Amino acid sequence: MPDTHSPIDGVSSLCPALSHRFLSLQEAGCHPQPLARESVRLQALLSGFDDIAFCRPQALPQLAQRIRGQHAQSVVSTLESACLHWEAKEHRLARAQFGNHLRRHPADVVALFCTHIFDCCLGQPHALREDLARCARHIEASHSLYPYYLSIHAYVLADADQAEQALPLALAALRQRQDNLYGIYAAMRALQALGCRQESALFLAQSRRLWAERPQFHARMLRMLTGADASFDRANAGLA
């Protein structure tokens, strides 16, 4: 099975189904059909990101074990290198490798998300703004991964005290793809930044069918919303 990818989209175009699973915070290791060689390599990389997506970088040793020994150069190589530097706590080198990849493949939404999680783990989500601006020049609204790009953009804006601009982006992302859990998270981040506690509790309750069976996502939301509102507690009774 041949490997093909778009120079602009990078690893995101290797296996669209795998990209969607990863970006919707599902298990990247589950794929019903045989994958081409580069997609198998990408799957090995992304399957270690489940814990990392919730800012638990202690999962990186297991991730590194999966990808160590992959010496052949490929579109996945720079991301692998970034993650190995991350594991070694060589954060400057890791961020440089993430940046190198995104300059070569500016609309690679999978790589953008990986970089975003890295930045968040280091407490510097604003670092992604230059990469987001570059991506905006290359990605079209018709792109299959556009809703995930919007979610990442919304989160970064909300964290940069631009919640009024962030909320419409997050809601647009969810209109385009309802199972986009990161879109829910970005919307909640924006609502909280705007001081909309009752609205955030209502929004979370209304979207519960999408996230209630994802215990890690639920725990993450609970931490973010601790003490937000009594109505939030009522909405989540029995789910904590």
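**Close-up views of a predicted model**

**View 1. The loop residue D161.** D161 sits in the loop that runs between helix α9 (146-159) and helix α10 (163-176), and, like everything described in these legends, it belongs to a predicted model. The phi angle of D161 is near 60 degrees, which is a positive value in a residue other than glycine. D161 has a relative accessible area of 75%, and because the cut-off for an exposed residue is over 50%, D161 counts as exposed.

View 2. V109 lies in helix α7, which covers residues 109-121. Is V109 buried or exposed? Its relative accessibility is 0%, so V109 counts as buried. Leaving aside residues up to four places away in sequence, V109 touches S12, L23, I139, L145, Y148, Y149 and I152. V109 and Y146 are 37 residues apart in sequence, while their C-alpha atoms are 8.1 Å apart in space.

**View 3. The packing of helices α11 and α12.** Helix α11 (residues 181-193) packs with helix α12 (residues 197-206) at an angle of about 165 degrees, and the axes of the two helices are 9 Å apart. That angle makes α11 roughly antiparallel to α12, because an angle over 145 degrees is counted in this way. The crossing in which α11 passes α12 is left-handed. On the side of α11 the contact is made by I184, A187, M188 and L191, and on the side of α12 by E199, S200, F203 and L204. Sorted by type, the residues of this contact between α11 and α12 divide into six nonpolar, one polar and one charged.

**View 4. The cysteines C15 and C135.** C15 has a relative accessible area of 8% and is therefore buried, and C135, with a relative accessible area of 0%, is buried as well. A disulfide is a covalent bond between the sulfur atoms of two cysteines. How many disulfides does the model contain under a rule that asks for a pair of cysteine sulfur atoms within 2.5 Å? By this rule the count is zero.

**View 5. The chain as a whole.** The chain has 15 helices and zero strands, and buried residues make up 54% of its 240 residues. Among the contacts in the chain with a separation of 6 or more, 63% are between residues 24 or more positions apart.

Definitions and conventions
Residues numbered from 1 in each chain as written. Predicted model: local features only at pLDDT ≥ 70, side-chain atom pairs only at ≥ 80, totals over all residues. Heavy atoms only, no water. Disulfide = S-S within 2.5 Å. Buried < 20%, exposed > 50% of the residue type's maximum accessible area, 1.4 Å probe, protein only. Axes fitted to C-alpha atoms, helices over the stretch in contact; angles between N-to-C directions. Helix = DSSP H or I, 4+ residues; strand = E, 2+ residues; numbered from the N terminus. Parallel < 35°, antiparallel > 145°, perpendicular 65-115°, else oblique. Left-handed = near helix turned anticlockwise from the far one by under 90°. Contact = heavy atoms within 4.5 Å. Nonpolar A, V, L, I, M, F, W, Y, C, P; charged D, E, K, R; others polar.
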